[in-house]
Amino acid sequence: MFLATDEALILSGGTATRPIGRVAPPPMGRLARWRIAAREIDWVPDLGTQIGSRDWWRGLATCSALCVATIAMAPGFHRPIVGQAPAPLTGEARSHERAQAIAPLALGADSGQRLAANELVMHLAEAPERPMMELSATIGSGDRLDRVLQRAGVSRDQARAAAALIEPVTEGEAIPSGTRIALTLGRRPSRSVARPLETMKLRARFDLAVTLTRTPQGFEMTQAPIAIDRTPLRLQGLAGSSLYRSVRAAGAPAKVVEAYIKALASRMSVGRDVKRSDSFDLIIERERAATGETRLGKLLLAGLDHGGRKVQLARLADDEDGQWYDVNGQSEKRGAMGMPVAGRVTSSYGKRVHPILGLMRMHKGTDIGAPYGTPIHAMMDGVVQFAGRSGGYGNFIKLAHSGGVASGYGHMSRFAVRSGAHVKQGQVIGYVGSTGMSTGPHLHWEVWKNGAVVNPRTLKLASMAVLSGAKLRTFRREVQALLAVKPGR
């Protein structure tokens, strides 16, 4: 009965007892209800989804309203910006300003002071030339001295006479490209003739500067010798991941590095035997002028510390393209014992699964992985039978050697020799690439013996030469003098 009474009181709106359960919220106004409804609406829906729905049209309307409001409130794109400019000058102030100004030719160039003509003014038919002209010219690659002088304004006869006078002091060598020439041209009698060459200064040789001066009897040459220090340069360092790049980073020119690798290839496989921890040792011919210039020459000594075993090779001083000898005067010349490129073997001779075709096929050569652009050397003396594109081999070179031996080099990036050219062992014939059917930069090296394909690593060709007598004694003195050079000096 008590519960019934309480329920009756609650239903009747009485306050005698406190109801148990959810209390009804207080009544809300219309504005509050609108705010709650507006918060629940997605005013910026994704216009890329639910195209055509009510939410999509609402979002399109919102976007359109924002664009219209932005355009309506924009200040305008063609309305000029009002700036404050000074008032134009007039009267005497403008005259003073014009006298100190320089007006452009397009506006008449009528600025500056104006003087009235008097008896001291003489009218000239043309402006006089300068009595002397000082010029500077540069000799380009493959250029000649007389042609450079003629382009600078010297007459043909004087240019040839000056070049003929300097030619004997160059000792038969061409003046290096980039050599600068200082010229002084004199006064000419009329504009229809070339200016006479008064003086000319240039560096005819690395150790000689010359000056030509015009006299009534002709040109007179003055020579100024330049002191030269010919102490060789010694470079040492670790082979690292790439012997070629490490030696280049040490400061050796590209041709010297190629000669260095060629010398080592006669005693070992550069790509297979050289380790990261091995250290190289090079001695290069160097000339240092008193004026500050330095010139590097040929390779004098090639050394490598290979796991505690030192390889030191040198040449006779008067033998430019001869053999490399060790410190004992012995020379070993090899063919296929050394690889033609500095790298690592990635695929040997024999059957394998083709990396592109996925089929079991005979691999007729040896793949040597190397960085793009690494020089490729000829394995032996020979003649270039073919140099061009050859199917899956890409850029391909085939060399014919003595004894019925031939070698092929594929996937090159570019060639260094042409068909029919004679090459020597170790000569650069091309550069590593990835042309043809290739998965990356490498060299495909293939060898034939009497027309049959053979494993390049099993073909052994070598010859031995030994110095003796006076040549051996001279060679040892030269080697001892080279080994006394300190590194980096």
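Select Arg286 to begin; this residue lies in strand β8 (residues 279-289). Helices (H or I, at least four residues) and strands (E, at least two) are DSSP runs, numbered from the N terminus. The model is predicted, with local features requiring pLDDT of at least 70 and side-chain atom pairs pLDDT 80 or more, while totals for chains, interfaces and linings use all residues. Residues are numbered from 1 along each chain as its sequence is written, and side-chain values use heavy atoms, leaving out hydrogens and water.

Arg286 is buried (under 20% relative accessible area, 1.4 Å probe, protein chains only; exposed is over 50%, partly exposed in between). Arg286 has no salt bridge (a side-chain nitrogen of Lys or Arg within 4 Å of a carboxyl oxygen of Asp or Glu). Display Asp229 next: this nearest side chain of opposite charge is 5.7 Å away.

Move to Ala162 in helix α6 (residues 156-166). Ala162 counts as buried because its relative accessibility is 0%. Show the residues that Ala162 touches, not counting those up to four places away in sequence: Leu149, Leu197, Met200, Leu212 and Phe219. Such contact means heavy atoms within 4.5 Å. Phe219 is 57 residues from Ala162 along the chain, yet their C-alpha atoms are separated by 7.2 Å.

Finally, select Trp43, in the loop between α2 (30-40) and α3 (54-73). Trp43 counts as partly exposed because its relative accessibility is 43%.

Methods: Lys and Arg count as positive and Asp and Glu as negative; His and the chain ends are not counted.
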